[in-house]
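I opened a new notebook page for this structure.

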Amino acid sequence: MALAGIVFDLDGTLVDSNALHVEAFQRAFAARGYKVGRDRIFAEVGKGGDKLVPSILGEEFDRVDGDAIRDAHPKEYAKLARERGLRVFPGAKELLAECRRRGLRTVLATSSGEGHLKGTEEASGLTLRDVVDEIVTADDADESKPAPDLVASAVKKLGLSPAQCAMVGDTPYDAWSARDAGVVCLGLTCGGHDEATLRRSGAREVWRDLADVLAHLDDALETASPGPAQLTQQRLESLMREALAAAREG
């Protein structure tokens with residue numbers, strides 16, 4: 001099996017937090033005088049705030065109020081998370097442990113910052129750095145999802161090539177980001193998007209949640225695996241050198 005690493009999204013994938021993000025953004029918009037429906041916000045959740053807010057307000061109003069909304073959202077989210085707690089999805093801990101047992105490297109990739117991670121850990125009781133090998137946040141990417149930067153940074157942090165990795169996520173933006181980074185996406189419906197939406201966005205296969213992936217892990221890994229060859233970063237660079245040499249000879 002050639003697969004060597006898995007990139008995991010956080011919100012809606014490991015923890016049941018998408019609804020809290022919707023409510024937090026709704027409060028942040030309202031504080032600046034904007035009444036935005038929950039469905040409209042949910043459709044954008046999975047993007048970073050740099051993309052989500054202008055998608056809803058437009059560029060003109062984003063220039064006026066966008067920064068204030070982006071600043072308010074994590075504070076509102078942290079408040080809600082403390083008040084209500086966060087549920088870790090079934091099978092999350094067990095799947096991450098099984099990946100380690102099988103020798104697969106794992107990395108968490110989130111468009112949010114360190115403060116969000118800390119709040120999520122406190123509200124869920126899940127210490128993220130104990131269950132994954134690496135973590136990348138908004139600070140590690142020039143652009144948030146659906147740009148490929150975050151997934152590319154996650155793959156690089158593992159020291160692997162995109163062909164050796166898969167991503168597990170719950171939104172269309174995870175699928176688009178993975179696709180443009182050259183990484184296979186495995187979709188989950190537990191975050192609120194249906195199977196058809198995830199498949200249209202590029203997910204190669206879709207499961208209910210991480211417990212469902214764990215129950216079908218051999219099939220999931222086979223689905224995400226590029227084949228028997230280990231297409232490492234070193235091998236990719238070697239192939240590139242060979243191609244350039246052939247081009248020069250031609």
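My entries below go from the sheet to the helices.

**Entry 1: the sheet.** I am working from a predicted model. I looked up the strand order. Six strands form an open sheet, running β3-β2-β1-β4-β5-β6. Their pairing is parallel. Next I checked the edges. These are β3 (134-136) and β6 (205-207), and each has a single partner strand, so one side of each lacks a neighbour in the sheet. I also noted the twist, which averages 25° from one strand to the next.

**Entry 2: strand β1.** Which strands does β1 pair with, and over how many bridges? On one side I found β2 (residues 105-109), which runs parallel to β1 and is joined to it by four bridges. Here Gly 5 stands opposite Arg 105 of β2. I then turned to β4 (residues 165-169), which also pairs with β1 in the parallel sense over four bridges. I looked up two bridge partners in β4. Ile 6 has Ala 166, and Phe 8 has Val 168.

A helix lies on the sheet here. I found α5 (residues 92-101) packed on it, touching β1 and β2. The direction of α5 makes about 160° with that of β1.

Are the faces of β1 buried or exposed? I checked residues 5-8 and found both faces covered. Gly 5 and Val 7 are buried on one side, Ile 6 and Phe 8 on the other.

**Entry 3: helices α3 and α4.** I looked up how α3 (residues 49-57) packs against α4 (residues 59-84). Their axes are 9 Å apart and meet at an angle of about 135°. I therefore noted α3 and α4 as oblique to each other. The crossing is right-handed. From α3, the contact uses Gly 49, Asp 50, Val 53, Pro 54 and Leu 57. From α4, it uses Glu 59, Phe 61, Asp 62, Gly 66, Ile 69 and Arg 70. I sorted this contact by class: five residues are nonpolar, two polar and four charged.

**Entry 4: helix α9.** Which residues of α9 (residues 172-180) are buried? I listed Pro 172, Tyr 173, Asp 174, Ala 175, Ser 177 and Ala 178. What covers these residues? The cover includes the helices α8 (149-158) and α10 (195-201), along with the strands β4 and β5 (184-188). I made one last stop just after α9. There Gly 182 takes a positive phi of about 80°.

Definitions and conventions. Residues numbered from 1 in each chain as written. Predicted model: local features only at pLDDT ≥ 70, side-chain atom pairs only at ≥ 80, totals over all residues. Heavy atoms only, no water. Buried < 20%, exposed > 50% of the residue type's maximum accessible area, 1.4 Å probe, protein only. Pairing = 2+ DSSP bridges. Axes fitted to C-alpha atoms, helices over the stretch in contact; angles between N-to-C directions. Parallel < 35°, antiparallel > 145°, perpendicular 65-115°, else oblique. Left-handed = near helix turned anticlockwise from the far one by under 90°. Contact = heavy atoms within 4.5 Å. Nonpolar A, V, L, I, M, F, W, Y, C, P; charged D, E, K, R; others polar.
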